[in-house]
Amino acid sequence: MRTALIQMSVAADREENIARACAFLREAAARDTDVAVLPEMFCCPYQNHCFRPYGEAANGPAQAALSALAAELGMYVVGGSLPELSEGRVYNTSYVYDRQGREIAKHRKVHLFDIDVAGGQRFRESDTLSPGDQITTFETEFGILGLCICFDLRFEELSRCMCLRGARVIFVPAAFNMTTGPAHWELLFRQRAVDNQCFFVGVSPARDESASYVAYGNSLVTDPWGTVLCRAAGEETILYSDLDLSRVDAVRHQLPILSARRTDLYEVREK
Ligand SMILES: NC(=O)CC(=O)C(=O)O
């Protein structure tokens, strides 16, 4: 499964961002990509005061553009995330389109990013955003795949639930920052991959030192052994990674963690 990680710059102009994402998607399709992944808030600066004005309702312009392009290019598109407007609320939402342009998954960020690190990053998504209440997986010809957004990655139960549903690859549009990124980004992706013995694909916006929220970049893929298969730096780029999904079965067979769980003693289960 060829995956393209589109680590794009996010500008102040929403239409420019959508056009930029589309140009990158075309570039990825020209390299025979099966699944192209955009970053968290790919068409909106990551700032609380931007989320509502940059937001769109169901079938809004960014969603329409991604769906049309997925159909035209015959490629799955994991549409990063964008501010979704629904019933007066704003959600941080990721849409997935199949090769026919059909919306096959929609994930609203479940864990809102509210942190206040002494001398470092402060952010309160809950000032403007509402949380989702669903765990998101979807079916493809590659099997079941999972989806969560950025801060969701920190909550191991969520990844485990997707894994127990059968997800072999978990996509994570994300925007860590210059406080938490160097400390936790790679660690978390490797840890989730080793724990669940599946692939994790993290895609960030490119770093913009002049932005009020500076994204870490470092988009990456970790495999079921915890190896980092590819990793960007801060710049705008596309990374390509061919995921050999048979590695999931091989690692689970050789190191039987999931099957050796003592579910008579403890359990992670969906509500
Ligand atoms: N931006 C996020 O949602 C999460 C993040 O930056 C972190 O967990 O660190």
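Phe138 stands opposite Leu145 in strand S10. The model is a predicted one, and the pair belongs to the antiparallel strands S9 (residues 136–140) and S10 (residues 143–147), which five bridges join. These strands form part of an open sheet of six strands with mixed pairing. The UniProt record, in an unreviewed entry, lists residues 1–245 as "domain: CN hydrolase". In the model, the end C-alpha atoms of that span lie 8 Å apart, and the span is 24% helix and 29% strand.

**Sheet architecture**

- The strand order of the open sheet is S9-S10-S11-S12-S13-S14.
- The edges of this sheet are formed by S9 and by strand S14 (228–231), each of which pairs on one side only.
- On average, neighbouring strands of the sheet are turned by 15° against each other, with direction ignored.
- As a general point, the strands of a sheet pair through backbone hydrogen bonds, and the pairing may be parallel or antiparallel.

- S9 and S10 are joined by a hairpin through two residues.
- Besides the pair named at the outset, Thr137 stands opposite Gly146 in S10.
- Gly146 also stands opposite Ile170 in S11.
- S10 and strand S11 (residues 169–173) run parallel and are joined by three bridges.
- Between S10 and S11 the chain crosses through helix H4 (residues 156–164), and this β-α-β crossover is right-handed.

**Helix H4**

- Which residues of H4 are buried? They are Leu158, Ser159, Cys161, Met162 and Cys163.
- These buried residues of H4 pack against S9, S10 and S11, and also against helix H5 (180–196).
- Gly166, which follows H4, has a positive phi, near 115°.

- Strand S13 (residues 220–222) runs antiparallel to S14, and three bridges join the two.
- Leu220 has Arg231 in S14 as its bridge partner.
- Five residues lie between S13 and S14 in this hairpin.
- In the turn of the hairpin, Gly226 has a positive phi of about 90°.

**Nonpolar core**

- The largest nonpolar core holds 74 residues.
- Which members of this core touch the most other members? They are Ile6, Val37, Val77, Val172 and Val201.
- When residues up to four places away in sequence are not counted, Ile6 touches Ala21, Phe24, Ala28, Ala36, Val37, Leu38, Val203 and Ile238.

**Ser67 in helix H3**

- Ser67 is placed in helix H3 (residues 61–73).
- Why is Ser67 classed as buried? Ser67 is buried because 20 other C-beta atoms lie within 10 Å, and the cut-off for a buried residue is 20 or more.
- Neighbours within four places in sequence left aside, Ser67 is in contact with Tyr97, Gly101 and Glu103.
- Ser67 and Val77 are ten residues apart along the chain, and their C-alpha atoms are separated by 7.9 Å.

How values were computed
Residues are numbered from 1 along each chain as its sequence is written. This is a predicted model: local features need pLDDT of at least 70, side-chain atom pairs count only at pLDDT 80 or more; totals for chains, interfaces and linings use all residues. Two strands pair if DSSP finds at least two bridges between them. Helices (H or I, at least four residues) and strands (E, at least two) are DSSP runs, numbered from the N terminus. A crossover is right-handed if, with the strands pointing away from the viewer, the path from the first strand over the helix to the second runs clockwise. Axes are lines fitted to C-alpha atoms, for helices over the stretch in contact, and angles run from 0 to 180 degrees between N-to-C directions. A nonpolar core is a set of buried Ala, Val, Leu, Ile, Met, Phe, Trp, Tyr and Cys residues joined through C-beta atoms within 7 Å. A residue is buried if 20 or more other C-beta atoms lie within 10 Å of its own, exposed if 12 or fewer, and partly exposed in between; C-beta atoms are placed from the backbone. Two residues are in contact if their C-beta atoms, placed from the backbone, lie within 7 Å. UniProt positions are given in the numbering used here, feature names are shortened, and annotations may be inferred rather than shown by experiment.
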